[in-house]
Amino acid sequence: MRVVLVFALVSCLPLSHACPKECSCNSNTKVVDCRGRGLYDIPRRLHSDTQELYLQDNRIRGLGSVAFKEIPLVRILDLSNNSITAISPTALLGLRTLQRLSLAYNSIRELDKRLLGPIRSLSHLDLSNNSLWGLPGAMGDSLKNLSYLGLANNRLARLDRSVLDAMTHLDSLTLRGNPWRCDCQLIGLKLWLETYLFKGGVVDEVLCIQPEEMKDKDLQKIPYQLFHACMTTSYHYLFANIHHLESEKLLRGHTHGNHAHPSSHSLHVPMVIGEGFGGGGGGGGGIAECETKQKHRPVNLRHAIATVIITGVVCGIVCLMMLAAAVYGCAYAAIMAKYQRELKKNEELATAQGADHATADEKEPLENAIA
């Protein structure tokens, strides 16, 4: 009897340690709910089979190295609405099955390029409402399977296009509420957005803050004529055009090979930030859905370049004609000046000869009278 009792106690011991006392756990759904418990750190003694962990609305300030080593099978991780300012580059090491990650409503200023390196299954990443200045270009390979990326309400003035080009499966993107500087370095983003929208992607507004003449204007609606100076003052325009032409080629190949692809005929309704991270989180809910945008057609840059070349040739011909006219005018003026000088000499010579004849005529009667 004692042996049976001891065995029962031992068998129950792992279960008592499988769920932290600050959280509530569901062994059937393998969900651990630690929302709004005033936690300052990641709870310990989590069961290794945990698939969903909700930690929003706490006071967590940072994520140390291998912070989730106890739950390598977690698929959904919500850390929104905390006080996170620092994240170790190896904080998510070992989470190879992670699909959804929310770090919204924190105070994160930068992300290390190694943070998401080991994760290849991530499809939903919410980084909205932080203090991010940008995303590392090398992070693009870790985001290639993303279908949703939230970057709203940060401090982004520019965004590396190489990061966006790597996200070939992206369906929804939020960029509003950032201090975008719409200069020559942002034209790459404008070109990418046009291709992205043409393929059926969904994005909210990109309102410019600087320069002053573009303040409060949506980058997607600013005409290319306002970026004309970029063609002569910045190499970013040239590189952006090259990337855009390459994207057009890939897009044409995609549309010819997949005529019935749904993304080329309709726009998707954008996802709500924080969707799928539990219903009670204060950090991820309550944000309105993005309005659907009308599909834009990318500008045919080949025609634009041909127009520029033709214009240059015409201007060159006009310049040559003007030069020829100037040479002709100078030659005509020189000839006329020479003609006038000759004419004046002839007149003076004729006058002198006339005077000589008059003197001779006057002397002849006088000589006759004397004779």
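Helices are taken here as DSSP runs of at least four residues, numbered from the N terminus, and in this predicted model the helix H3 is followed by Gly200, whose phi is positive, near 105 degrees. Helix H3 itself covers residues 187-198, and its 12 residues reach 17 Å from the first C-alpha to the last, which is close to the 16 Å expected at 1.5 Å a residue. Because 11 of the 12 residues of H3 are buried, this helix is largely enclosed by the rest of the structure.

Trp192 and Tyr196 both belong to helix H3, where they are separated by about one helical turn because they lie 4 residues apart. Trp192 is buried, as is Tyr196.

The rings of Tyr328 and Tyr332 likewise form a stacked pair, because their centres are 6.4 Å apart and their planes stand at 20 degrees. These two tyrosines lie in helix H6, which spans residues 301-370, and their spacing of 4 residues means that Tyr328 and Tyr332 are separated by about one helical turn. With regard to accessibility, Tyr328 counts as exposed because its relative accessibility is 60%, whereas Tyr332, at 47% relative accessibility, counts as partly exposed.

The strands of the model form an open sheet of 9 members, in the order S1-S2-S3-S5-S7-S8-S9-S10-S12, with mixed pairing. The edges of this sheet are strand S1 (24-26) and strand S12 (202-203), each of which pairs on one side only. In general, strands of a sheet pair through backbone hydrogen bonds, in either a parallel or an antiparallel manner. Within the sheet described here, strand S3 (residues 52-54) and strand S5 (residues 76-78) run parallel and are joined by 3 bridges, and Glu52 stands opposite Ile76 in S5. A further aromatic ring, that of Tyr54, is involved in a contact with a charged side chain, in which the charged end of Arg35 sits over the ring at 5.9 Å from its centre.

Key: Residues are numbered from 1 along each chain as its sequence is written. This is a predicted model: local features need pLDDT of at least 70, side-chain atom pairs count only at pLDDT 80 or more; totals for chains, interfaces and linings use all residues. Side-chain values use heavy atoms; hydrogens and water are left out. The expected span of a helix is 1.5 Å times one less than its number of residues. Buried means under 20% relative accessible area, exposed over 50%, partly exposed in between (1.4 Å probe, protein chains only). Rings of Phe, Tyr and Trp (its six-membered ring) pair if their centres lie within 6.5 Å; planes under 30 degrees apart count as stacked, over 60 as edge-to-face and the rest as tilted. A charge sits over a ring if NZ of Lys or CZ of Arg is within 6 Å of the ring centre and within 35 degrees of the ring normal. Two strands pair if DSSP finds at least two bridges between them.
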